[in-house]
Amino acid sequence: MTSKTAAIVILGPGSLATARRIQQRYPDALIHGLSGRVEGADRSYLEFGATLRELYQQDTPIIALCAAGIVIRTLAPLLLEKGVEPPVLAVAEDGSAVVPLLGGLGGVNVMAREIAAALQVAPAITTSGELRFGTCLLNPPSGYSLGDLEQGKRFVSDLLAGESVRIEGAAPWLDQAQLPEDIQARLAIRIDSAAGTPAADELRIYPRNVLVALSAGASADIGTILEEAGLAPQSLACLLAADSDMARPELHEMASTLGVPLRFAAANSNLETWLSDVLGQPASLQVMGSHAIAVTEQPLDPQQIGRPRGRLAVIGLGPGAAELMVPAVRAELDRATDVLGYETYVRMAGPFRGDQVQHCTDNREEMQRARHAFELAAQGRSVVVVSSGDPGVFAMAAAVLEALHESTDAHWHNVDLQILPGVSASLATAAQAGAPLGHDFCVMSLSDNLKPWSIIEKRLDLAAEADLALAFYNPISRSRPWQLGRALEIVGQHRTAQTPVVLGRDIGRPGQTLRVTTLGALTPDQVDMRTMVLIGSSTTCVFPRAQGGDWVYTPRWYGNKPL
């Protein structure tokens with residue numbers, strides 16, 4: 001199967017049992033079920049077409065348990081290049097048919113055979129070359145790269161027309177293929193890393209067995225290096241650089257342009273010794289000034305060479321509902337090796353693959369959690385620190401940056417740190433009510449765990465005097481039951497009793513409630529720590545909804561309404 005995690009997409013509960021059988025074959029695959037119809041799926045989605053197209057554009061292998069025609073019509077507008085499509089399969093709801101649709105060069109027929117074996121049926125494979133020869137010549141295994149797709153298509157057509165072929169170089173995956181081999185054949189499959197233009201009668205397949213290492217602080221034109229060494233760029237497996245260069249953007253841009261991983265290791269002043277130690281296997285080494293080239297006998301596995309630059313992403317889950325999580329956050333969670341956070345939030349971020357490590361801590365251990373995250377990321381791991389709402393609003397982003405600011409560890413500062421936003425609780429509550437934060441507003445936490453109550457009182461007084469709409473986080477708790485009452489007294493000195501108030505409890509989560517009241521009618525016993533309190537300004541308006549309840553909004557204008 002392709003190295004990417006597959007999505008199993010189902011439309012109804014009748015498909016769930018088949019989806020689970022497929023998931024047993026691909027444990028990392030996630031089952032996506034239609035919201036409101038499917039219970040027990042790993043993820044919910046709202047609209048089938050939009051979900052399928054999004055997965056396709058993300059290069060995610062798709063296993064759709066529905067009619068093939070539905071998948072074809074859904075993806076038809078996106079079909080452009082045969083060489084860049086992910087595997088897409090249609091599977092009958094009862095598992096009686098497995099039909100590969102797209103992704104012949106991405107291993108779709110391999111997946112079809114694997115799924116069919118798991119379901120104990122025959123796959124509906126129609127690809128002529130695979131049926132005739134038992135292999136897809138245009139889709140070499142991991143560690144090898146096809147030279148020219150268009151030339152390859154002509155090559156396979158010639159084979160299907162009756163030509164024979166000879167194999168030059170090591171191609172162990174073809175040992176069991178039913179190719180019409182002849183050592184005198186005009187056509188040749190050539191497997192090596194030498195540079196040069198393929199002959200018209202050649203199918204070039206390049207082993208990814210070349211590594212270029214750069215000494216600390218060095219820059220280089222990799223294309224020129226490979227050309228001077230007589231090596232094909234298609235055989236480049238990865239770049240190796242010194243740990244001290246981990247944060248250099250030009251190196252990452254170079255690797256991205258070349259389409260290869262960038263790995264790091266503690267540098268040695270002797271390039272040849274450094275490279276030999278990192279490789280740990282026989283190789284032909286060539287040192288050329290500030291860089292060195294290694295060519296190994298077998299394809300290289302970049303994951304076994306040095307380590308990647310560690311990544312630390314501080315993410316916001318939003319208020320809780322999966323559909324309110326931004327796509328960039330979901331993608332970050334999918335790529336993570338480690339997930340850290342308050343246990344409640346980590347559970348909300350799931351489901352997780354079996355290889356993803358969860359580090360759950362108490363909600364008060366923010367700095368310890370931040371330091372632990374940097375320690376993991378400095379080892380080359382991909383780490384996510386989870387917050388609810390937005391990570392920069394009374395959440396983990398500030399703690400993570402504070403930990404980095406206090407640290408003198410170069411490895412921490414070399415980590416690729418990203419802060420990914422989420423829908424904050426105040427914005428989610430406001431959206432449910434209408435637009436109570438539609439004009440200038442102030443967001444405050446009433447918790448005095450990390451700041452004196454005297455500062456809270458002063459800020460409350462000034463914000464209320466400035467006629468800002470107010471959003472209260474952490475409004476009340478058992479240890480400080482009196483503080484919300486005092487806060488309301490302060491606001492009441494500047495607002496009328498008729499000022500609209502929105503109370504949103506567990507917005508975006510099961511059992512959410514939304515209530516509109518007034519400042520005069522609000523008492524602390526109506527609020528708990530899971531309640532977001534929004535207090536309007538002097539211009540905030542309320543009017544009834546047609547379906548019951550009220551709309552609340554603060555107009556953009558102030559004073560005299562504009563024409």
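**Strand pairing and helix packing in the predicted model**

Strand β1 (residues 7-10) and strand β4 (residues 62-65) run parallel and are joined by four bridges; strands (E, at least two residues) and helices (H or I, at least four) are DSSP runs numbered from the N terminus, and two strands are taken as paired if DSSP finds at least two bridges between them. The model is predicted, so that local features need pLDDT of at least 70 and side-chain atom pairs count only at pLDDT 80 or more, while totals for chains, interfaces and linings use all residues. Residues are numbered from 1 along each chain as its sequence is written, and side-chain values use heavy atoms, with hydrogens and water left out.

The open sheet contains six strands in the order β3-β2-β1-β4-β5-β6, with mixed pairing. Because β3 (43-45) and β6 (98-102) stand at the edges with a single partner strand each, one side of each has no neighbour in the sheet. From one strand to the next, the twist averages 25°.

Helix α2 (residues 48-57) lies across β1, β2 (30-34), β3, β4, β5 (88-91) and β6, and runs at about 170° to β1. Its buried residues (under 20% relative accessible area, with exposed over 50% and partly exposed in between; 1.4 Å probe, protein chains only) are F48, G49, T51, L52, L55 and Y56. Viewed down the axis of α2, these residues fall within an arc of 165° and therefore line one face of the helix; the arc is that of the directions from the helix axis to the C-beta atoms. At the start of α2, a side-chain oxygen of E47 comes to within 3.1 Å of the backbone nitrogen of G49. Just after α2, D59 adopts a positive phi of about 65°.

Strand β11 (residues 210-214) is mostly covered, with five of its five residues buried. V210, V212 and L214 point one way from β11, and L211 and A213 the other way. Four bridges link β11 in parallel to strand β12 (residues 236-242), where L240 stands opposite A213. With strand β15 (residues 291-296), β11 pairs in the antiparallel sense over five bridges; here H291 is the bridge partner of L214.

Methods:
Axes are lines fitted to C-alpha atoms, for helices over the stretch in contact, and angles run from 0 to 180 degrees between N-to-C directions. Contact means heavy atoms within 4.5 Å. A polar contact is a pair of N or O atoms within 3.5 Å; within protein, one must be able to donate a hydrogen and the other to accept it, and residues adjacent in sequence count only if both atoms are side-chain atoms.
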